[in-house]
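Hi,

Here is the structure I promised to pass on. Have a look at it first, then read my notes below.

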Amino acid sequence: MGIRFTVLSSGSTGNATVVDNGDVKLLIDVGFSAKKMELLMKERELAASSIDGILVTHEHSDHIKGLGAFARKYDVPIYANEKTWVELDRQIGAIAEGNKRVMETGGVQEFGTMKVESFGISHDAAEPVGYVFYEEEQKLSVVTDLGYMSEKVKEKIADSDAYVLETNHDVDMLRVGHYPWSIKRRILGDKGHLSNEAAGDALCDIMTNKTKSVYMAHLSRDHNLMDLARLTVNNIVQERAPEAKGLRLMDTYFDRSTKWDVLSPSDSDSE
């Protein structure tokens, strides 16, 4: 089958994504209660009990809210680096020792025929990471919660078939928004979140002719609009990379899941 994935939900209030190669189903983050996770998975005809492992990007609550409860209920192993585990141990309750797996930043973990590589990103967490998924010639990159995209990150995720990429805020909307300046400064800083403009610029540096879809993720409900994010990224791509044809800019949602996207030679989508 190759890789297929669905963004179960994404935004400032919670984040979770499932990646499936037909044999192994992996969950990236558990930013909602176990009950909510079950409902989101049901939308994609996916049983929560079928998850084989959970990959954690970092310890902020919108990524681990239901992590402990979900892992305990379904006896699922959790993969995170040592610094993140220190923070998780303080927040998610007791986890069976056999389900506490250390996956160091930059490491590669094999799940059957699918390989997963983590890479460091810039965010105000203990040791935040993104993930790249490989299945034969297919490549999926998931990267959110980063203040800027370094050249090392660009090199790691370049030439992917698909991206789940942060488009957190519109800079002008954030600047005039109601947040205190201290929070605005954090979001705009190098360890904050990626703006629409920054995501569009980065995309031009990393995508190739094989890139078919980009899922715009982790949108702020206060300082962004999906239409605005899509328009901004599209305008930048059209200006800087007019040769990029057939690229799909896909929405993600804070309250529902995206359809399954299947990475395959025929580039087909399914429900």
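Phe 5 and Tyr 215 are both buried, and keep in mind that all of this comes from a predicted model. These two belong to one of three aromatic pairs that turned up in a search of the whole structure. Their ring centres are 5.2 Å apart and the planes sit at 75°, so we call this pair edge-to-face. It also links distant parts of the chain: Phe 5 is in strand S1 (residues 4-9), while Tyr 215 is in strand S12 (residues 213-217), 210 residues apart.

Another edge-to-face pair is Tyr 79 with Phe 111, with 5.2 Å from centre to centre and 80° between the planes. Tyr 79 is part of strand S5 (residues 78-80) and Phe 111 of strand S7 (residues 108-111), so this pair ties together parts 32 residues apart in sequence. Are these two buried or exposed? Both Tyr 79 and Phe 111 are buried.

Arg 221 has its charged end over the ring of Phe 254, 3.8 Å from the ring's centre. Over the face of Tyr 253 you'll find Arg 256, at 3.8 Å from the ring centre.

Now for a pair of helices. H8 (residues 196-206) packs against H9 (residues 226-240) at an angle of about 35°, and their axes are 9 Å apart. The crossing of H8 and H9 is right-handed. Among the residues that meet there are Leu 203 and Cys 204 from H8, and Val 233 and Ile 236 from H9. Sorted by class, the H8 and H9 contact has seven nonpolar, three polar and four charged residues.

Cheers

How values were computed:
Residues numbered from 1 in each chain as written. Predicted model: local features only at pLDDT ≥ 70, side-chain atom pairs only at ≥ 80, totals over all residues. Heavy atoms only, no water. Phe/Tyr/Trp six-rings, centres within 6.5 Å; stacked < 30°, edge-to-face > 60°. Helix = DSSP H or I, 4+ residues; strand = E, 2+ residues; numbered from the N terminus. Buried < 20%, exposed > 50% of the residue type's maximum accessible area, 1.4 Å probe, protein only. Lys NZ or Arg CZ within 6 Å of the ring centre and 35° of its normal. Axes fitted to C-alpha atoms, helices over the stretch in contact; angles between N-to-C directions. Left-handed = near helix turned anticlockwise from the far one by under 90°. Contact = heavy atoms within 4.5 Å. Nonpolar A, V, L, I, M, F, W, Y, C, P; charged D, E, K, R; others polar.
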